[in-house]
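Trainee: I'd like to learn how to read a protein model. Could we go through one together?

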Amino acid sequence: MSNDSRFKALLDLPDAQGHFGPYGGIFASETLMEALDALRQAYDHYKHDGEFLAELDYELRHFVGRPSPIYHARRWSEKLGGAQIWLKREDLNHTGAHKINNTVGQALLARRMGKQRIIAETGAGQHGVATATVTARYGMECVVYMGAEDIQRQKINVYRMRVLGARVEAVTSGTQTLKDALNEAMRDWVTNVDDTFYIIGTVAGPHPYPAMVRDFQAVIGREARAQIQQETGKLPDALVACVGGGSNAIGLFHPFLADDDVAFYGVEGGGLGLDSGQHAAPLCAGKPGVLHGNRTYLMEDQDGQITGTHSISAGLDYPGVGPEHAWLKDTGRANYVIATDDEAMAAFHELSRTEGIIPALESSHALAYAAKLAPTMKKDQIIVVNLSGRGDKDIHTVARLEGIEV
Amino acid sequence: MSRIAATFARLQEQGRKALIPFITAGDPEPGITVPTMHAMVEAGASILELGVPFSDPMADGPVIQHASERALKHHVGLRDVLAMVKQFRHQDSQTPVVLMGYLNPIEVMGYEAFASAALEAGVDGVLTVDMPPEEGSELAAALRSHDIDTIFLLAPTTGEARIQRICDQASGFVYYVSVKGITGSASLDTDEVARRLDLIRSKTSLPVGVGFGIKDGASAARVAKMADAVIVGSALVSRFEALQHESDKIPAQAAAFISELRTAMDE
């Protein structure tokens, strides 16, 4: 990390009130304000507590399976004919995605705060499964809110959560997807604030969630930074990650913030294309506003109503994005781009055939953009792509889109 | 004196408490809101709280969520709500109107533009559910410069120091949310409410309204003995839900319910 980085100040964010520039903050119901303050105090304490950090580290090694490997996708890089693509293999974590890095951290915090009841929201079900997994591991009660529409789309994850002992509550309000599940989890929290810990799955929500979830996910970038230097003797030229709420992207980016020569690319769900209006790309096509406890870029109409999103990938189907990404966009530190449904599908097949790795549809968006970027770069340059999840959960979706009954 | 302060002063002289009904603007259709506002005033409402529909009403229970959804089917936005207040003011220059809602519609319009449009329409106070005082100084300043009151919520979980901080920034009245939970949740615990009101009153001379958990004349009367204002939302809005396909009956039915509460409170 260079000391004269233009972006050094970004490392100190958020401020004490949770602001990343004009974004972030605490926009929550009064009933939650003291609970959020207690959470902030507990987190500020334990993030420096040796025993807490040692337990977290132990769990990440022995339960999650960290460190995850970094993998040189040689055949694919060769085929693309440009930069060398390396994959950070979060797909190899227990439960198959990066989500568990954060749920382990928050569950350990909840235990120390004496909260036995855990709630969570989920879209595709990955965060729900990661939460149900850790609550089973630590013997806690677990309720997961999931949009009724998503329950239909992700039946296998719903059953996985039930096998793990969680109660899955169908949310039938609004668009019946992730944003409404988040609304419902907030309502539960307001009602049961005394004994309940809310494990938010992404770098959104009121302070301290965006900072706390980022810190738990930053293990991805810390490992990747050391691994790529060990393997290649240098830092990468570019990082690429998909962005829904943005937790896997911020986890990869954050430890590289002050490495000015490392370019960041966050890839949003482009759906049917930005012109179609059918997408999930608030950073590329939205405006700043306030939703779910923080100020950030949103997909909204002229009245400030949140609009529906579309992405082939349920994990990207969210009208907001973590406030730190909003600030990385405005400061020019990160570039935000899209990959469409079709591009993500093509990358899904390409990686499966060329490297023997079936990626999650979310991660396929990052891969699709890397496939465009690599040919514009030199062969000795390096791109690290966060392979945030594996594609097993998406097999039915992909098969159905191709007209195949599985 | 502002319309809100004048209303509390007048009621105090009469030895009565304020009755504040909440309805969602545009529920179940835009044309019914202003007639219902007039009918409720006629039946004894002291201040009107008008909900601004929002796509993601995180702090609301199913009854008020559905009210928002019904209004949004007609694309009722903040500008339409302001137009309704303006229309209401053609016939009523006395009764205070408070807008209650979420920050994003205001954020999109811009604080200055909103404050100036709200003043022009005849709005007296603004309560933004997801904007605590920590984030609210800019909006509060814009509202203050247009003589509009900033109303804040206090919760059962709000600690003593925080009550003081909030009251210092509040104007018009403060709104004590009597139960932990969303709108329309369980019944309130009268003794606990009384203890909390004593604490709040030790921090502010502003009138204190109590909402959440008020379902009928009996609960309204109990709260009226302790608080300066009784706020009723879900119990009223559930009547709108029942009459959504015969909305012409809503003004009279809303008035009948308000009258029942008023009578119980005044006894």
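Trainee: What volume does the largest cavity have?

Mentor: First, the general idea: rolling a probe the size of a water molecule over the atoms shows where empty space is left. Here the largest cavity has a volume of about 390 Å³. A cavity is a set of points on a 1 Å grid over the protein atoms alone where a 1.4 Å probe fits but cannot get out, while a pocket is an open set with protein on both sides within 12 Å along at least five of seven lines; lining residues have an atom within 4 Å of a point. Points are joined across faces, edges and corners, and the volume is the space filled by probe spheres set on them. One caution: this is a predicted model, where local features need pLDDT of at least 70, side-chain atom pairs count only at pLDDT 80 or more, and totals for chains, interfaces and linings use all residues. Residues are numbered from 1 along each chain as written, chains are lettered from A and ligands numbered from 1 in the order written, and side-chain values use heavy atoms, leaving out hydrogens and water.

Trainee: Which residues lie nearest the centre of the largest cavity?

Mentor: Those are His98(A), Lys99(A), Gly315(A), Leu316(A) and Glu362(A), out of 31 lining residues. By class, the lining has nine nonpolar, 18 polar and four charged residues. Ala, Val, Leu, Ile, Met, Phe, Trp, Tyr, Cys and Pro count as nonpolar, Asp, Glu, Lys and Arg as charged, and the others, Gly among them, as polar.

Trainee: And the largest pocket: which helix gives the largest share of its lining?

Mentor: Helix 2 of chain A does, with six residues. Tyr43(A), Asp215(A), Phe216(A), Ala218(A) and Arg222(A) lie nearest its centre.

Trainee: Now sheets. What is the order of the strands in the open sheet of six?

Mentor: Strands of a sheet pair through backbone hydrogen bonds, either parallel or antiparallel. In chain A the order is 3-4-14-9-10-13, with mixed pairing. Helices (H or I, at least four residues) and strands (E, at least two) are DSSP runs numbered from the N terminus, and two strands pair if DSSP finds at least two bridges between them. Strand 3 (70-72) and strand 13 (334-339) of chain A are the edges, each pairing on one side only. Inside the sheet, strand 4 (residues 84-89) and strand 14 (residues 382-387) of chain A pair in the parallel sense over six bridges, with Lys88(A) opposite Asn386(A).

Trainee: Where does helix 10 of chain A lie?

Mentor: Helix 10 (residues 219-232) lies across strand 3, strand 4 and strand 14 of chain A, at about 140° to strand 4. Angles run from 0 to 180 degrees between N-to-C directions, with axes fitted to C-alpha atoms, for helices over the stretch in contact; contact means heavy atoms within 4.5 Å.

Trainee: At what angle do the axes of helix 14 and helix 15 of chain A cross?

Mentor: Two packed helices are described by the angle between their axes and the distance between the axes. Helix 14 (residues 341-355) and helix 15 (residues 361-373) of chain A cross at roughly 90°, their axes coming within 7 Å. So helix 14 of chain A is roughly perpendicular to helix 15 of chain A. Angles under 35 degrees count as roughly parallel, over 145 as roughly antiparallel, 65 to 115 as roughly perpendicular and the rest as oblique. Among the contact residues are Phe348(A) and Leu351(A) of helix 14 and Leu367(A) of helix 15.
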